[in-house]
Amino acid sequence: MQKKNATREELLKNKKDTNLSDKEQQIENDKDVGENKEAKKKEISKMSVEAKLWFGPYLHIITSRPKDADQLLTNFLEKSSFFRYADMCFGNGLVTSQVEVWRGRKKMIIPTFNQKILNSYTDALQKHSKRFVSDVEKSYDGNSIQLLPKIWKHSLDGFCETFADIDADLVVGQDQYLTNVRRFEELVLERCLKPWLYPNFTFKHSPLGKETTKLSENIWPFVTQLMNLKKMTLCDNSDDDLKKKRHLNHLFSLLAEKYMEEEDVAAELQNMILASTETTSYSSGFTFLALAMHPEIQKNVQNELDSIFGTSDRDITLEDVINMEYLERVIKESLRLFPSVPFVMRNIDKTIEIDSHVFPAGADIVVAIMNIHMRPDLWPDPWKFDPDRFLPEEAEKRHRCAFMPFGHGSRVCAGVKIAMTMMKITLSTLLRKYDVKPVLYKSLKEIQLDYAVFMMPKDECQVVLEKRKK
Ligand code: HEM
């Protein structure tokens, strides 16, 4: 588990290093080492991680080697024991569920990620990004503004209109729901760090357990509200095939055909809201911060937008989204430095040996995505914000797990493409009109991080806005 409220550098320093021989071998294999060998060796030993930690009865092995990530995430699909602590509010859905539930569900649900269906979301996503910008404009006092709460709120509305196929204007309680979810996530982290609260009995009677129960009672009605709104419009006999296959519509047809229970639909919906809106909002927030600190890169992004839109303020089309190639590289570089899912975890049921490292059966493996993304042997000068690392010719030189913000293996993120579209639309809608400038931080290393299930910027993405002069 990561420490809360630290800079990324502090988080990385806190990891133990017990695996030098392997890294030395890596250095020997690296043809570019040359004279810098000693310096590089020192740097690698500082950054790479192999630690074993006990949390109560659970052994956690942390790895930041792409080869381990590849083999472990390909061969093992069961999520860590800690995921059970999130059930009360996240439910047992695709992201959180145990393998036996996941297998059947994935087959049933994955058709809703068909590219044609996702492409049909562009207009609604655009509408809510415009609302995000006008909301920002209304509350901007000329000094600075925290973008994150607004990005998240409007991304939740966008989710309602796309995946849930509900009129977002009918939905109430978004802000309270998001506050409750955040608090719940903090409590999940706290429970993970307090082994005496692992047994349900002690947890239920603890102040933490009581607060969690209360939050859960407040969080689920939001999901029920969405389901009720959907039920009211289900008899709307739309013959639009793409609409019928939207996520919640599809879940309701599985319910009608008795493949799912009502509580399964609620869990899937809850899982999908959090998997899609929190991750994309935090990642967009980090990207705004990175661009605020790198005005020349921000200018490049805006030049690309100008080349697509000229001086017109017309709507974004799917083709425009595809043409935002530089912005895509910027987002990827931001996901490398600040992955909103900084690690993934698996419980392994068989002992596996990878390059003489033994991962024993029963252990929970933590694949430290954030650390892999900062290995100087994979990412020279790792703190440098350089979108060109993601030029196709550069990307193909790297190990396939050198960059894995969306995970890897069969349980890789189902929403990679739509996530990129969502972020491109949010970022470009604001950047077409405004320059963003930094407030609290001058460099990426200074950004304070908050972590509870997902990683976010502690300052809620505080920026100064200046109307663009074209
Ligand atoms: C920047 C945005 C996003 C990031 C960084 C991200 C990251 C991830 C990661 C790392 C996983 C794997 C977790 C694991 O292996 O334990 C995952 C799973 C998943 N994500 Fe995303 N995600 C993003 C956006 C989205 C969006 C927009 C959606 C849906 C619309 C989505 C839906 C899912 C689902 C359904 C899974 C579970 C897949 C499975 O277990 O079969 N994600 N995501």
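Student: Let's start with H15: how many of its residues are buried?

Tutor: Of the 32 residues in H15, 28 are buried, so to speak mostly covered. Buried means 20 or more other C-beta atoms within 10 Å of the residue's own, exposed means 12 or fewer, and partly exposed is in between, with C-beta atoms placed from the backbone. Keep in mind that this is a predicted model: local features need pLDDT of at least 70, side-chain atom pairs count only at pLDDT 80 or more, and totals for chains, interfaces and linings use all residues. Numbering starts from 1 along each chain as its sequence is written.

Student: And how far does H15 reach?

Tutor: From first C-alpha to last, H15 covers 47 Å, close to the 46 Å expected at 1.5 Å a residue. That expected span is 1.5 Å times one less than the number of residues. Helices here are DSSP runs of H or I with at least four residues, strands are E runs of at least two, and both are numbered from the N terminus.

Student: Why does Cys413 count as partly exposed?

Tutor: Because Cys413 has 19 C-beta neighbours inside 10 Å. Leaving out residues up to four places away in sequence, Cys413 touches Phe406 and Gly407. A contact means C-beta atoms, placed from the backbone, within 7 Å.

Student: Switching topic, what does the chain average for pLDDT?

Tutor: The average is 89, and 88% of the residues score at least 70. pLDDT is the predictor's confidence in each residue, from 0 to 100.

Student: Where is pLDDT below 50?

Tutor: One such stretch is residues 11-35, which has 34 contacts in the model beyond near neighbours in sequence. Over residues 43-49 pLDDT also stays under 50. Where pLDDT is low, the predicted coordinates should not be read in detail.

Key
Contact = placed C-beta atoms within 7 Å.
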